[in-house]
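Me: I have a structure open and I would like to learn how to read it. Can we go through it feature by feature?

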Amino acid sequence: MTIGFRVRPVTARVAPAIIERAGKVPAANIGDVMNRLQSLSGTFHSYGGRKRMVGPAFTVKARSGDNLMLHRAVDMANPGDIIVCDGNGDLSVALMGDLMLGHATKRGVAGVVLDGAVRDVASLAKMDLGVWARGHTPAGPWKEGPGEIGTPISCGGQVVMPGDLICCDEDGVVVVPMDEAEAVIAAAEAHQAKEIKAEQDIQAGKWPRDWVLQSLREKGCEGA
């Protein structure tokens, strides 16, 4: 039994056509159509030069303070993949820095989502790479293991399966289950169209507001 120290290939990924469509929709719209339950916690911050990225999840589970499995993941991930790592939310030690992430950029990895810390923040901001992490620290990691690659993980309060669609922008990170990605993105596109119409109505001074008082009165709000 090797649970906790094993590598499994990621063989299934969300379709490229869906990834392309998802890249045109804000993460907030994608999250909204999944009843606002598929977003990572708001503690994740953007550190890389790319402020928007979408792609399939390449999952990693790392021991707190140890990045051996992340090194292997960077070598294994396909171009366009997003490495998503359960680092146990530990901010005492950085699991990735500019050398590892520079290598990931060279290999065509789209970016990383790290439930843990990074370092070399100034360098990361100049890289053509998306980096979302819980925080940063100058403290460096160990390289001993154990850990896992290509298995289901927990990241930022969400379950992430290998190949799931990951959508990131300035607002944060959303996870879309691979098997439901096409339907979710279609719904998000329709939701985005409604929001564009609302923005136009706001600028024209025609945004309907009657529903606010109606809702308050239906809920029994005194004085509404």
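Reply: We start with a pair of strands. Strand E10 (residues 165-169) and strand E11 pair in the antiparallel sense, over five bridges. Keep in mind that this is a predicted model.

Me: How many residues lie between E10 and E11 in their hairpin?

Reply: Two residues lie between them. Aspartate 169 has glycine 172, in E11, as its bridge partner.

Me: Is strand E11 enclosed or open?

Reply: Count its buried residues. Five of the five residues of E11 (residues 172-176) are buried, so the strand is largely enclosed by the rest of the structure.

Me: Next, charges. What is the general idea behind a salt bridge?

Reply: Side chains of opposite charge can pair when their charged atoms come close. Here the cut-off is 4 Å, from a side-chain nitrogen of Lys or Arg to a carboxyl oxygen of Asp or Glu.

Me: How many salt bridges does a search of the whole structure find?

Reply: The search finds 10 salt bridges. One of them joins aspartate 81 and arginine 13, with the closest N and O atoms 2.8 Å apart. This pair links distant parts of the chain, 68 residues apart. Aspartate 81 is in the loop between helix H3 (68-76) and E4. Arginine 13 is in the loop between strand E1 (5-7) and helix H1 (16-22).

Me: Which residue forms a salt bridge with arginine 134?

Reply: Aspartate 115 does, and the closest N and O atoms are 2.3 Å apart. Arginine 134 sits in strand E6 and aspartate 115 in strand E5 (residues 111-118), 19 residues apart. Arginine 134 is partly exposed, with a relative accessible area of 22%. Aspartate 115 is buried, at 5%.

Me: How far is aspartate 90 from the nearest side chain of opposite charge?

Reply: That side chain is arginine 63, and it is 8.6 Å away. Aspartate 90 is buried yet has no salt bridge.

Me: What does the side chain of aspartate 90 make a polar contact with?

Reply: With the side chain of serine 92, at 2.6 Å. Aspartate 90 is found in strand E4 (residues 82-96). Now leave out residues up to four places away in sequence. Aspartate 90 then touches Ser64, Gly65, Asp115, Gly116 and Ala117.

Me: Now cysteines. How many disulfides does the count give?

Reply: Zero disulfides. To count as one, two cysteine sulfur atoms must be within 2.5 Å.

Me: Last, the backbone. Which residues does a cis peptide bond join?

Reply: Glycine 145 and proline 146, with omega about 0°. Proline 146 lies in the loop between strand E6 (130-136) and strand E7 (147-149).

Me: And how do I read phi?

Reply: Asparagine 35 has a positive phi of about 60°, although it is not a glycine. This residue is in the loop between helix H2 (27-32) and strand E2 (45-46). Asparagine 35 is exposed, at 62% relative accessible area. Asparagine 88 also has a positive phi, near 65°. Asparagine 88 is in strand E4 and counts as partly exposed, at 47%.

Methods:
Residues numbered from 1 in each chain as written. Predicted model: local features only at pLDDT ≥ 70, side-chain atom pairs only at ≥ 80, totals over all residues. Heavy atoms only, no water. Helix = DSSP H or I, 4+ residues; strand = E, 2+ residues; numbered from the N terminus. Buried < 20%, exposed > 50% of the residue type's maximum accessible area, 1.4 Å probe, protein only. Lys, Arg positive; Asp, Glu negative; His and termini not counted. Polar contact = N/O pair within 3.5 Å; in protein donor to acceptor, adjacent residues only side chain to side chain. Contact = heavy atoms within 4.5 Å. Pairing = 2+ DSSP bridges.
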